[in-house]
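Me: I have a structure on my screen and would like to learn how to read a few of its features. Could you take me through them?

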Amino acid sequence: MRSSLLADAPAIREPRHAPVAHVTRGGLIEGVHHGSVVVLDGDGHVRLALGDVEAACYPRSALKPVQAVAMVRAGLPLDGALLALAMGSHSGEERHLAGVRRILELAGLTEADLRNVPDLPYGCAVRDAWARAGRGPSRLAQNCSGKHAAMLYLCRLSGWPLETYLEADHPLQRAIAEVVGELTGQRIAAVSVDGCGAPLFSVSLHGLARAAARIATAAPDTAEHRVAHALRRHPEMASGTGRDTAAMMRAVPGLLAKDGFEGVHVAALPDGRAVAVKIADGAERARIPVTAAALARAGVEPRLLTGFGGGTTTGGGRPVGGVRPVPALAPPTDALASAAAAAAPAPRPT
């Protein structure tokens, strides 16, 4: 898409977030998480906007499917589990490490060629086992290593410099920036550096949801369809065992979803309905229940989302409250009634 057809970059300002989740204890609201939520219908129209969905924000790892589309368009030949890993924030399980090694092997490279920041595995159980074994941070274990390995593989195939692949003016990053603009439908507001060291492009939450919808609804034989198919088929390769985003994709048929640090989450359905969430304080405990509530507002049957309703607040070892989306995110009454009717057992013949 030509830049002249893109909307202006979103405004860089202090986002006008709104309450999106309550932390309750004993019937009182003990804490409030602010944030922003956008819900799009299948035609791309805004069904719900809560907070400031047009302000510039950093999607963090929620932008990885868009980055993957750009790389596939540029010639990245990965598919299936390895393509899912290329857009992953993986837990550092052995299957993830083996996948990264395989991508590097295909490129004729090694872990030493990676330029991401060394880290311990992201998955709690894996990280604990890693530490017990006396292992320190590594580039391979860092949760973005699949993306970095894919970037290097594409650079090798394209004849682009390897040492500078993380520079914003590198051909790879320029190609990614162009696709970010195209799929979000807007110019990039700012460029920074993500935690892993890769360039990070700022768009609006609305633009992020629009990009996810375009990937989720793409026609066969497109880069977008390849990315969507890989992520849907292999959600644990883009996250890990027991991770909430993979579990949500398994629970909701056809769902495409990706989380990101600082409380960002984006999800889209095959018919174009999409949601994007940003929790202002980056709290993980609010991200999933708010995303689930947004999906229910988009029309996903609430019964499919019952496992994502939020954590429990305990007192003296007993449940006394929890993390709950604000009433403004509650699905319409008719949607709840339809879901209840669908879940009800069939009446016995009299």
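Me: Where is Asp221 found?

Reply: Asp221 is in the loop between helix H7 (205–216) and helix H8 (223–233). Helices (H or I, at least four residues) and strands (E, at least two) are DSSP runs, numbered from the N terminus. Bear in mind that this is a predicted model: local features need pLDDT of at least 70 and side-chain atom pairs pLDDT 80 or more, while totals for chains, interfaces and linings use all residues. Residues are numbered from 1 along each chain as its sequence is written, and side-chain values use heavy atoms, leaving out hydrogens and water.

Me: What is the phi of Asp221 near?

Reply: First the general idea: most residues other than glycine have a negative phi. Asp221 has a positive phi, near 70 degrees, though it is a residue other than glycine. Glu262, in the loop between E8 and E9, also has a positive phi, near 65 degrees.

Me: Is Asp221 buried or exposed?

Reply: Buried means under 20% relative accessible area, exposed over 50%, and partly exposed in between (1.4 Å probe, protein chains only). With a relative accessible area of 83%, Asp221 is exposed. Glu262, at 40%, is partly exposed.

Me: How many aromatic pairs does a search of the whole structure find?

Reply: A pair of aromatic rings is described by the distance of the centres and the angle of the planes. Rings of Phe, Tyr and Trp (its six-membered ring) pair if their centres lie within 6.5 Å; planes under 30 degrees apart count as stacked, over 60 as edge-to-face and the rest as tilted. The search finds 1 pair here. Its rings, from Tyr122 and Phe261, have centres 5.6 Å apart and planes at 50 degrees, so the pair is tilted. The two residues are 139 residues apart: Tyr122 sits in the loop between H3 and helix H4 (124–132), and Phe261 in the loop between strand E8 (256–260) and strand E9 (264–268). Tyr122 is partly exposed at 29% relative accessibility, and Phe261 is partly exposed at 37%.

Me: Now helix packing. At what angle do H3 and H5 pack?

Reply: Axes are lines fitted to C-alpha atoms, for helices over the stretch in contact, and angles run from 0 to 180 degrees between N-to-C directions. Under 35 degrees counts as roughly parallel, over 145 as roughly antiparallel, 65 to 115 as roughly perpendicular and the rest as oblique. Helix H3 (residues 94–107) packs on H5 at about 10 degrees, their axes 9 Å apart, which makes H3 roughly parallel to H5.

Me: And how do H5 and H6 cross?

Reply: The axes of H5 (residues 145–158) and H6 (residues 171–184) come within 10 Å and cross at roughly 110 degrees. The two helices are therefore roughly perpendicular to each other. Met151, Leu154 and Cys155 of H5 make the contact (heavy atoms within 4.5 Å) with Leu172, Gln173 and Ile176 of H6.

Me: Which residues is Val180 in contact with?

Reply: Val180 lies in H6 and is buried, with a relative accessible area of 0%. Leaving aside neighbours within four places in sequence, Val180 is in contact with Leu63, Val66, Gly185, Ile188, Phe201 and Val203. Val66 is one of the buried residues of H1, a helix (residues 64–73) with 9 of its 10 residues buried.
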